[in-house]
Amino acid sequence: MFKKAYVEITNICNLSCDFCHGTRRTPRRLTAAEFDCIMRKLKGHAEYVYFHILGEPLTHPELSRFLSCAAGNGMKCCITTNGTLLAESESVLLNAPRLHRLSVSLHSFEVNDGGDMKKYLDDVCSVCTKLAANGTICALRLWNGGGADRLNGDIIAVLHEKLGCEWQSNRDGFKLGNNLYLENAAKFEWPDMGAPKRNVQFCQGLRDQIGILCDGTVVPCCLDAEGSIALGNIFRQSLDEILNSERAKALYRGFSNRAPAEELCLRCGYAERFSI
Ligand code: SF4
Ligand code: SF4
C-alpha cells in the first residue's frame, strides 16, 4: 500500500513561477471518467491522494466531484495550491468530505506579477482559518530560502496581523494555531535530465509514493515533471501490471541496492537527503 498517490488532475497553471520545472507535455485536464478510472485502480492501494504534480488543481472545474470520488474510494485528500483561487474555491473545499491537508505555496507570490499582496493573503488567511476550524490541516509555505525571499518579512507581518502573534516554533517553521502552520524551507530544485549527477543512493519513490500524470502516465514520484520515468499508463493497464514491469522492478531493486537505476534519479537533489 502506498502512503501517497500524486494524481495530476491538470498540468495547466494560472501562474508562471521562475522556480517551476514546467513541462513540454501537452496541456490537459483529467476528465471525470479518467479520474474515476484512476480512483478505482488506486482503491485499497493508497492512503492519501495528492491532487498535484504540476499545474494548479483549483483551476479544474470538476474538483468538487473529484474530491467526493476520492473520498468515496476511501482516500484522504491533500491539495497543494498557489492560493490565488482560494476565495472562489472556498465552498468546494469546505464541503469536501475528506480534505485532510491544504498546502499553500506563498512563495509563488513574489515570483509572479501577483498584484495586491494584502488581498491575496487576506483570501489565504480567511479560507485557511475556516478550513482549519473544519479539521483540515493548512500549511502556508515559504519554500524560498536562498531564492526570491525579499517579501517574506512583509508576508509574515501580514500573517501576524491576520492570525495573531502567538506562534510556536516547530521543526518546519511555526504552528500558528489549531491545524494551521507556516513552513519554511530552502528553494526547491526539481530533478532534471540536464542537471549534473549527485550522490543519490535511495528514495521512497515506488515504495511509499507513486505519481500519475494527467495523461495517465504512471511515474514513481511527484518530481518527474516530464514523465521521464514512464512505467506504464493507468488508463490502459492495471496497477499490478505496471508495478510488475521490468522498469518498475529495476527502479525498486536499484534503491534497495543503493544503486539507482534511473538517470533522472541520479540527478535528484531531493533524494540526496537519504544518502549516507
Ligand atoms: S504555481 Fe506551481 S505549477 Fe504553477 S507555475 Fe508555480 S510552481 Fe508551477
Ligand atoms: S530519486 Fe527523485 S526522481 Fe527518482 S523516484 Fe525519487 S524523487 Fe523521483
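Q: Which helices and strands do the buried residues of H4 pack against?
A: This is a predicted model. Helix H4 covers residues 117–133. Its buried residues include Tyr120, Leu121, Val124 and Leu131. The buried residues of H4 pack against helix H3 (86–94), strand E4 (99–105), E5, helix H5 (152–163) and E8.

Q: How far apart are the end C-alpha atoms of H4, and why does that agree with its 17 residues?
A: The expected span is 1.5 Å times one less than the number of residues. For the 17 residues of H4, that should come to 24 Å. The distance agrees because the end C-alpha atoms of H4 are apart by 24 Å.

Q: In which sense do strands E5 and E8 pair, parallel or antiparallel?
A: E5 spans residues 137–145, and E8 spans residues 180–186. Seven bridges join the two strands. One of the bridge pairs is Ala139 with Tyr181 in E8. The sense is parallel.

Q: Which residue takes a positive phi in the hairpin of E7 and E8?
A: E7 (residues 173–177) pairs with E8 in the antiparallel sense over four bridges. Gly177 has Leu180 as its bridge partner in E8. The hairpin has two residues between the strands. The residue with a positive phi, near 65 degrees, is Asn179.

Q: How many charged residues are in the shell around ligand 1?
A: The surrounding residues include Cys13, Cys17, Cys20, Glu56 and Asn82. By class, five residues of the shell are nonpolar and four are polar. The number of charged residues is one.

Q: Which residues are closest to ligand 2?
A: Ligand 2 is surrounded by 14 residues. Eleven are nonpolar, one is polar and two are charged. The closest are Cys203, Gly205, Cys221, Cys265 and Cys268.

Methods: Residues numbered from 1 in each chain as written. Chains lettered and ligands numbered in written order. Predicted model: local features only at pLDDT ≥ 70, side-chain atom pairs only at ≥ 80, totals over all residues. Near = placed C-beta within 6 Å. Nonpolar A, V, L, I, M, F, W, Y, C, P; charged D, E, K, R; others polar. Pairing = 2+ DSSP bridges. Buried ≥ 20, exposed ≤ 12 C-beta atoms within 10 Å, placed from the backbone. Contact = placed C-beta atoms within 7 Å.
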